[in-house]
Amino acid sequence: MLTIGQQENFMRRAVELARLAADADEIPVAALIVKDGQVIAEASNRREKDSDPTAHAEILALRAAGKKLGLWNLSGCDMIVTLEPCAMCAGAIVNARLDAVYFGAYDKRFGYCGTLGNLAADPRLNHRALVTGGILEAECAAILQNFFKSRR
């Protein structure tokens, strides 16, 4: 489990990556995978660039971490992400066997790590991840709000 200070420090890096995604005309969401207090993978949304509906930051970060470690089972790893994961990403978090997911802004429309449900911590599954939301929430939400406001 990451300390509050670690959660905030890692989230600051994710916020930087989210801002870069916005500059690239991608929805500004970014994710990190952390193992033993070190970032081992990071990614931001690439759905537009890759023309891929699954190219969410979380999925891309999990893929990069798996390649780096040479494992699909990412036990001992945590995810930090600027927006509450959707059902697809929450399912991938469970299947990757992450220990925890820490997110910034809540997603009232698609969030599935506490808002619409909590797939990552569902007791019916054979693996559950600790879920903590609201880390630098205002900052993470503002990036998204500003992005969409500029597009209207």
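A: The sheet is open and mixed in its pairing, with five strands in the order 2-1-3-4-5. Strands here are DSSP runs of E with at least two residues, and helices are runs of H or I with at least four, numbered from the N terminus. Two strands pair if DSSP finds at least two bridges between them. Strand 2 (38-44) and strand 5 (130-132) are the edge strands, each pairing on one side only. From one strand to the next, the twist averages 15 degrees; angles run from 0 to 180 degrees between N-to-C directions, with axes fitted to C-alpha atoms, for helices over the stretch in contact.

This is a predicted model, in which local features need pLDDT of at least 70 and side-chain atom pairs count only at pLDDT 80 or more, while totals for chains, interfaces and linings use all residues. Residues are numbered from 1 along each chain as its sequence is written, and side-chain values use heavy atoms, with hydrogens and water left out.

Y102 has T132 in strand 5 as its bridge partner.

Helix 3 (residues 57-69) lies across strand 1 (30-35), strand 2 and strand 3 (77-83), at about 140 degrees to strand 2. Contact means heavy atoms within 4.5 Å.

F103 is buried, with a relative accessible area of 1%, whereas Y106 is partly exposed at 37%. Buried means under 20% relative accessible area, exposed over 50%, and partly exposed in between, using a 1.4 Å probe and protein chains only.
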